[in-house]
Amino acid sequence: PEVMGRVTNLDAIKKSGFYWCLGSATGSPSDLYSWFVLHAHASDAGDALQIAVPFHATGGAIMTRRTIGTTGTYYAWRAM
């Protein structure tokens with residue numbers, strides 16, 4: 001994975017890497033915190049996995065979500 005920097009739309013990521021987003025980003029687990037996001041994307045399919053960790057010392061929880069195969073839509077964030 002590569003360090004890809006800050007994004008404003010987690011739903012639009014198509015390349016595996018490490019990302020950062022504000023809580024206001026589309027697809028963010030919560031608008032209360034900024035997030036570190038690990039994104040793994042299968043290059044030959046629409047399958048992807050995102051794991052997000054809040055940049056807050058005491059708030060939030062590690063979350064995960066994934067795509068529904070080739071439809072490209074994400075399930076809701078859920079606690080790991």
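What you have open is a predicted model, in which local features need pLDDT of at least 70 and side-chain atom pairs count only at pLDDT 80 or more, while totals for chains, interfaces and linings use all residues. Residues are numbered from 1 along each chain as its sequence is written, and side-chain values use heavy atoms, with hydrogens and water left out.

His39 lies in strand β3, strands being DSSP runs of E of at least two residues, and helices runs of H or I of at least four, numbered from the N terminus. With a relative accessible area of 1%, His39 is buried; the term buried stands for under 20% relative accessible area, exposed for over 50%, and partly exposed for what lies in between, with a 1.4 Å probe and protein chains only.

Next, go to Ser30, in the loop between β2 (17-21) and β3 (35-41). Ser30 is buried at a relative accessible area of 19%, and its side chain reaches the backbone nitrogen of Leu32 at 3.1 Å. Not counting residues up to four places away in sequence, Ser30 touches Gly23 and Trp35. From Leu32, move to His56, which is 24 residues apart from Leu32 in sequence and 9.3 Å apart in space, C-alpha to C-alpha. His56 lies in the loop between β4 and β5 and is partly exposed, with a relative accessible area of 39%.

Now turn to the aromatic rings, of which the structure holds three pairs; rings of Phe, Tyr and Trp (its six-membered ring) pair if their centres lie within 6.5 Å, and planes under 30 degrees apart count as stacked, over 60 as edge-to-face and the rest as tilted. Select Phe18 and Phe36, a stacked pair at 5.8 Å centre to centre, with 25 degrees between the planes. This pair links distant parts of the chain, since Phe18 is in strand β2 and Phe36 in strand β3, 18 residues apart. Phe18 is partly exposed at 31% relative accessible area, and Phe36 is partly exposed at 29%. Then select Trp20 and Phe55, a tilted pair at 6.2 Å centre to centre, with 35 degrees between the planes.

The next stop is the one salt bridge found in a search of the whole structure. Arg65 forms this salt bridge with Asp11, the closest N and O atoms being 2.5 Å apart; the term asks for a side-chain nitrogen of Lys or Arg within 4 Å of a carboxyl oxygen of Asp or Glu. Arg65 lies in strand β5 and Asp11 in the loop between β1 (2-6) and β2, so the pair ties together parts that are 54 residues apart in sequence. Arg65 is buried, with a relative accessible area of 6%, whereas Asp11 is partly exposed at 31%.

Finally, select Met80, in the segment after β6 (78-79), where Met80 is exposed at 63% relative accessible area.

Definitions and conventions. A polar contact is a pair of N or O atoms within 3.5 Å; within protein, one must be able to donate a hydrogen and the other to accept it, and residues adjacent in sequence count only if both atoms are side-chain atoms. Contact means heavy atoms within 4.5 Å.
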